[in-house]
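I opened a new model today and wanted a record of what I looked up in it. The entries below are in the order in which I worked.

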Amino acid sequence: MLRRFSAGLAWLELWLAALMALCVTLLILLNIVTRYFGAALFWVDELAIYAMVWMTFLGASAALHHRSAISITLLADAVPQGTKRAILKTVDVIVFVFALAMLWFCWRWFLPLDIARAGFDTQAFQGATFNFIYAEPTSTLGVPKYLFWMVMWLFALGATVHSAMHLFAKDPTP
């Protein structure tokens, strides 16, 4: 069941990453056209950067599912199959611990219970926690940055699911 959920999540992540790649392409083309006509839209650059960041994090999470992230396999390729399995399981443990740490850091950074306790009042939240994550706007778009930073949650959740799937699989080989 975890394998099917991970596969479905990876498919969704890749689809969204492809959509973000299309957005980046269209935004850059829009930027070229508007600059050519002397009417540059400065928010386009910032939105293209955020779309590229989302594309990267979503693709990285899906790469964990497919075991297609860049890796050095010199050692694993040179050892017997049993040792190779042990190396891959060790890597799975490290990636799983990293994913859990990312979830914890996101929890500590966004403080979802604290903002809820403050009634989603950012002023009260900031006064109680000295955390200004919900108040900082983007430079040219003027929307809160935390909306773009939410990709960290998505990456952490996806990485946790994908790494757990590999960790609890009987055969760690790709």
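This is a predicted model: local features need pLDDT of at least 70, side-chain atom pairs count only at pLDDT 80 or more; totals for chains, interfaces and linings use all residues.

**Entry 1: helix pairs**

I began with the way helices pack. Two packed helices are described by the angle between their axes and the distance between the axes, so I looked up both values for each pair.

For H1 and H2 I noted an angle of about 155° and axes 8 Å apart. Angles over 145 degrees count as roughly antiparallel, and therefore H1 is roughly antiparallel to H2. The crossing of H1 and H2 is left-handed.

For H1 and H8 I noted an angle of about 145°, with the axes 9 Å apart. The H1 and H8 crossing is left-handed. I then asked which residues of H1 meet H8. On the H1 side I listed Leu-2, Arg-3, Phe-5, Ser-6, Leu-9, Ala-10 and Glu-13. On the H8 side I listed Leu-154, Gly-158, Val-161, His-162, Ala-164, Met-165 and Phe-168.

**Entry 2: nonpolar cores**

In soluble globular proteins, nonpolar side chains tend to be buried together. I looked for such groups here.

Which residues of the largest nonpolar core touch the most other members? I found Phe-125 and Tyr-134, in a core of 15 residues. H4 and helix H8 (151–168) each give this core at least two residues. Apart from this core lies another one, of nine residues, which includes Ala-17, Met-20, Leu-58 and Val-151.

Beyond four places in sequence, Tyr-134 is in contact with Phe-110, Ile-115, Thr-122, Phe-125, Pro-144 and Tyr-146. Phe-125, listed there as a contact of Tyr-134, is also the residue named beside Tyr-134 for the core.

**Entry 3: salt bridges**

Arg-35 and Asp-45 join through their side chains, with N to O at 2.9 Å. The pair links distant parts of the chain, with Arg-35 in helix H1 (residues 2–36) and Asp-45 in helix H2 (residues 43–66), ten residues apart. I have Arg-35 as partly exposed, at a relative accessible area of 44%. Asp-45 is partly exposed too, at 29%.

Asp-92 and Arg-67 form a salt bridge with N to O at 3.0 Å. Asp-92 is in helix H4 (residues 81–110) and Arg-67 is in the loop between H2 and helix H3 (74–78), so this pair ties together parts that are 25 residues apart in sequence. Is Asp-92 buried or exposed? Asp-92 counts as buried because its relative accessibility is 5%, and the cut-off for buried is under 20%. Arg-67, at 23%, counts as partly exposed.

Lys-145 and Glu-136 form a salt bridge in which the closest N and O atoms are 2.9 Å apart. Lys-145 counts as buried, because its relative accessibility is 16%. Glu-136 is partly exposed, with a relative accessible area of 36%.

**Entry 4: positive phi**

I checked backbone angles for residues other than glycine and noted two with positive phi.

Leu-111 has phi near 45°. I located Leu-111 in the loop between H4 and helix H5 (112–117). With a relative accessible area of 12%, Leu-111 is buried.

Phe-130 has a phi of about 55°, again positive and not in a glycine. Phe-130 sits in the loop between H6 and helix H7 (146–149). Is Phe-130 buried or exposed? I have Phe-130 as exposed, because its relative accessibility is 67% and exposed means over 50%.

**Entry 5: Gln-126**

Where is Gln-126 placed? Gln-126 belongs to helix H6 (residues 122–129). At 9% relative accessibility, Gln-126 is buried.

I then looked at what surrounds Gln-126. With neighbours within four places in sequence left aside, Gln-126 is in contact with Asn-131, Phe-132 and Ala-135. I also took the C-alpha separation of Gln-126 and Ile-115, which is 8.9 Å for two residues eleven apart along the chain. Ile-115 had already come up as a contact of Tyr-134.

How values were computed. Residues are numbered from 1 along each chain as its sequence is written. Side-chain values use heavy atoms; hydrogens and water are left out. Helices (H or I, at least four residues) and strands (E, at least two) are DSSP runs, numbered from the N terminus. Buried means under 20% relative accessible area, exposed over 50%, partly exposed in between (1.4 Å probe, protein chains only). Contact means heavy atoms within 4.5 Å. A salt bridge is a side-chain nitrogen of Lys or Arg within 4 Å of a carboxyl oxygen of Asp or Glu. A nonpolar core is a set of buried Ala, Val, Leu, Ile, Met, Phe, Trp, Tyr and Cys residues joined through side-chain atoms within 4.5 Å. Axes are lines fitted to C-alpha atoms, for helices over the stretch in contact, and angles run from 0 to 180 degrees between N-to-C directions. Angles under 35 degrees count as roughly parallel, over 145 as roughly antiparallel, 65 to 115 as roughly perpendicular and the rest as oblique. A crossing is left-handed if the near helix is turned anticlockwise from the far one by less than a right angle, and right-handed if clockwise.
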